[in-house]
Amino acid sequence: MKNLTFYTNPLSRGRIVRWALEECGANYETVLLDFSTIKNPSYLAVNPMGKIPALKHGDTVITEAAAICMYLADIFPEKSLSPSINSIYRGEYYRWLFFTAATFEAAIMEKYTQVSLKDEYRKALGYGDLDTVLNTLRNHLSDRKYICAEQFSIADIVLTKLLEYGIYRTKVIEPEPVFQHYLDRMQQRPAYQKAKYLDDLLVGN
């Protein structure tokens, strides 16, 4: 029995972690936070950034959605949500997970917030621009079922949720067939559907 406490709000990146928890079949306690309370001392003691989600495992606190997902894959190795440490695909897994969590999300948010950057500053960005990022993803997913190797992984969870955010929420990404077909496959997973149901219930409340 793993002592897991999940701090979240259904209108946050907590949806990424909820799906990972359900893929793991984890038993966990959900602490629902209102955005008006995440700067309160009680939660700042968990995450000094005052951001959600966060996960507490015994005395260990993990923040950042992708990091939490990686941690869950490590403590539930029997679920095979990441290539084994000795797998030839481990490097590919790291590559695409961090590409998604860092490069892809940053490019989406720049486009969504309509930040205007001079070319001299853009050269310093790790992602360049959203078009370059999307071209990279488009080409990579064109003949693949999953983002990494031939197995579903934590990287697919993070990518799926960011694609949904870019297509459905912010509408800065066109629902091209290659992206939509990928989403259709991921959204059919039972753990995805259960996590969505649980978070949608919280939104309704």
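**The sheet and the cores**

Four strands make up an open sheet with mixed pairing, in the order E2-E1-E3-E4, where strands are DSSP runs (E, at least two residues) and helices are likewise DSSP runs (H or I, at least four), numbered from the N terminus; two strands pair if DSSP finds at least two bridges between them. Strand E2 (28-32) and strand E4 (60-63) stand at the edges with a single partner strand each, so one side of each is left without a neighbour in the sheet.

The model is predicted, with local features needing pLDDT of at least 70 and side-chain atom pairs counting only at pLDDT 80 or more, while totals for chains, interfaces and linings use all residues. Residues are numbered from 1 along each chain as its sequence is written, and side-chain values use heavy atoms, leaving out hydrogens and water.

**Strand pairing**
- Strand E1 (residues 4-8) pairs with E2 in the parallel sense over five bridges, and Tyr7 has Val31 in E2 as its bridge partner.

**Nonpolar cores**
- The largest nonpolar core has 58 residues, and Leu72, Phe104, Ile154 and Ile173 have the most contacts inside it; such a core is a set of buried Ala, Val, Leu, Ile, Met, Phe, Trp, Tyr and Cys residues joined through side-chain atoms within 4.5 Å, buried meaning under 20% relative accessible area (1.4 Å probe, protein chains only).
- Domain 1 (4-80) and domain 2 (88-191), with bounds from an automatic or database domain assignment, both give residues to this core, so it lies between them.
- Apart from this core lies another, of seven residues, including Ile38 and Tyr43.

Conventions:
Buried means under 20% relative accessible area, exposed over 50%, partly exposed in between (1.4 Å probe, protein chains only).
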